[in-house]
Amino acid sequence: MDAEKQPLRIGLIGFGCVGQGFYDILQAQSGLDLAITRIAVKNPTKPRMLPAERFSYHADELLNDLELDLLIEVIDDPDEAFRLVSTALRQGRRVVTANKAMLARHLPELVQLQTQFGGTLLYEAAVCGSIPVIRTLDNYFIHEPLRAVSGIFNGSSNYVLTRMSAQGFGYGPALAEAQAKGFAETDPTLDMGAFDPRSKAVILAAHAYGVFLDADEVLNLGIEGIGAGDMARAAAQGRKIKVVAAVQRLPNGHVTALVTPQLVGPDSPLYTVEHEFNGVAIEAVYAGTQFLTGRGAGGHPTGSAVLADVLALQRGLRYGYTKQATAPEAQLTTELELNAYVSHPDASVLREVLTWLELPAEALRTDAHGAYAEGSVAVQQLWSWRKELRTNGIFVAREGSIRAAAPVAEAVAAVWA
Ligand SMILES: NC(=O)c1ccc[n+]([C@@H]2O[C@H](COP(=O)([O-])OP(=O)(O)OC[C@H]3O[C@@H](n4cnc5c(N)ncnc54)[C@H](OP(=O)(O)O)[C@@H]3O)[C@@H](O)[C@H]2O)c1
């Protein structure tokens with residue numbers, strides 16, 4: 001047989017929600033020169049949809065099989081994923097991953113390994129499921145300066161918020177439903193605590209601004225403390241609560257990144273992004289604002305992004321990381337202010353929170369659901385108290401846009417006006 005007609009031999013590591021989704025899609029397509037030659041999983045006793053002889057229980061066997069043209073890593077263990085992906089890149093291999101937690105921690109090293117050993121890593125599936133946002137930033141907006149990239153990057157928490165607001169579900173039943181549908185990460189803290197969208201914001205910052213942020217330095221506030229009162233107060237104002245991740249570049253070259261619940265009105269494109277859908281707004285200086293929306297989680301949408309990466313690798317695509325060259329000095333800044341809404345069922349608990357956040361005691365309000373307050377808060381205050389806010393079940397949402405705190409405020413206003 002003509003060697004050029006051989007299908008691309010794929011080693012698939014992980015056969016859970018995403019791995020099976022990718023497998024299904026490939027089975028349903030004809031005419032693709034792709035073959036899943038080997039599959040590695042972890043648990044030898046788990047029932048599978050394929051015969052046992054199709055599986056290996058040692059991913060290293062796939063790493064050592066140099067007949068495989070391409071490896072797909074879709075396991076749920078970020079440390080092991082890093083070991084597998086970095087080893088494959090040291091071998092100069094072509095690799096696809098969906099593991100955002102691993103990428104957010106190790107992206108600089110993974111980029112360096114590609115440069116050093118000539119391998120290629122693509123990871124569209126790691127950010128916003130089926131939405132082609134990384135390629136859009138990396139290839140299309142290759143030179144255009146971007147004001148901001150923001151949106152709903154987590155389908156699981158968006159699903160929970162949708163069920164709470166539209167059907168009046170409690171937080172617990174809505175989360176259980178998201179998990180049952182395969183939208184949630186194995187550890188729900190990652191989704192509900194906004195760690196997962198924070199990882200995605202870090203990845204997008206590398207492609208939008210050429211900066212490798214330390215995920216641990218990016219403020220993320222989740223929805224674990226949300227209650228019926230928060231949904232009712234937002235609805236009374238014609239607004240919805242969404243978890244919004246935002247990365248922005250300031251005129252001084254610094255970058256801001258923030259992931260928090262936000263009160264959004266019907267004027268925002270995020271208002272109608274419901275269930276497991278994600279939405280990303282790219283605010284470009286010359287092109288204006290573009291909005292992409294699509295399914296952000298689930299086996300088939302994520303498997304579709306994996307397939308797109310496999311086909312792109314077949315055509316020789318690599319990420320350019322072009323903006324890295326133009327932003328060598330960019331750093332994360334938290335010199336920001338925002339209008340915050342804070343709530344807790346118990347007024348005495350919230351009274352203490354107001355002192356943490358330097359909000360006046362008169363800001364405290366109570367209604368049938370409990371206590372809440374609104375006011376201008378420094379991001380650095382939220383950062384300092386983030387652990388206490390989480391452990392005490394305080395719900396915090398931002399209202400409206402982020403403002404740069406003095407001394408950069410004037411410069412920002414001049415450029416962003
Ligand atoms: N689910 C989504 O909607 C979604 C969306 C975007 C990105 N992602 C990312 O995609 C990745 C996979 O997610 P998932 O939802 O598909 O996870 P999952 O359903 O929990 O499946 C994980 C798979 O990885 C296998 N595995 C775990 N450790 C392994 C090891 N050391 N060697 C070989 N196989 C191993 C498991 O084996 P067993 O079958 O033996 O347990 C299982 O097949 C994660 O990084 C996740 O963040 C998921």
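A polar contact is a pair of N or O atoms within 3.5 Å; within protein, one atom must be able to donate a hydrogen and the other to accept it, and residues adjacent in sequence count only if both atoms are side-chain atoms. The structure shown is a predicted model, in which local features need pLDDT of at least 70 and side-chain atom pairs count only at pLDDT 80 or more, while totals for chains, interfaces and linings use all residues. Residues are numbered from 1 along each chain as its sequence is written, and side-chain values use heavy atoms, with hydrogens and water left out.

View 1. An N or O atom in the side chain of asparagine 99 lies 3.3 Å from an oxygen atom of the ligand. Backbone atoms also take part: a backbone N or O atom of asparagine 43 is 2.6 Å from a ligand oxygen, and a polar backbone atom of glycine 16 is 3.2 Å from a ligand oxygen. On its own the ligand has 910 Å² of accessible area, of which the protein covers 88% (Shrake-Rupley method, 1.4 Å probe; for residues, only the protein chains shown count as cover).

**View 2. The shell around the ligand.** The ligand is surrounded by 26 residues, the closest being Val18, Asn43, Lys46, Arg48 and Gly298 (a residue is near a molecule or strand if one of its heavy atoms lies within 4 Å of it). The shell comprises eleven nonpolar, eight polar and seven charged residues; Ala, Val, Leu, Ile, Met, Phe, Trp, Tyr, Cys and Pro count as nonpolar, Asp, Glu, Lys and Arg as charged, and the others, Gly among them, as polar. Because domain 1 (3–122) and domain 2 (133–416) both contribute residues to this shell, the ligand lies between them.

**View 3. The two domains.** The protein is divided into domain 1 (3–122) and domain 2 (133–416), with bounds from an automatic or database domain assignment. Their centres, taken over C-alpha atoms, are separated by 30 Å. The contact between them takes 33 residues from domain 1 and 32 residues from domain 2 (contact means heavy atoms within 4.5 Å).

View 4. Helices (H or I, at least four residues) and strands (E, at least two) are DSSP runs, numbered from the N terminus; buried means under 20% relative accessible area, exposed over 50%, and partly exposed in between (1.4 Å probe, protein chains only). The buried residues are Val133, Ile134, Arg135, Thr136, Leu137 and Asp138. They pack against strand 7 (146–152), helix 9, strand 11 (277–284), strand 12 (288–295) and helix 11 (299–314).

View 5. Lysine 200 belongs to helix 9 (residues 195–209) and, at 3% relative accessibility, counts as buried. Leaving aside residues up to four places away in sequence, lysine 200 touches Lys100, Ala126, Val127, Cys128, Phe153 and Asn154. Alanine 194 lies in the loop between helix 8 (188–192) and helix 9. Alanine 194 has a positive phi near 65° although it is a residue other than glycine, and is buried at 1% relative accessibility.

**View 6. Glutamate 358.** This residue is in the loop between helix 12 (347–356) and strand 14 (365–367). Glutamate 358 has a positive phi of about 60° without being a glycine, and is exposed, with a relative accessible area of 61%.
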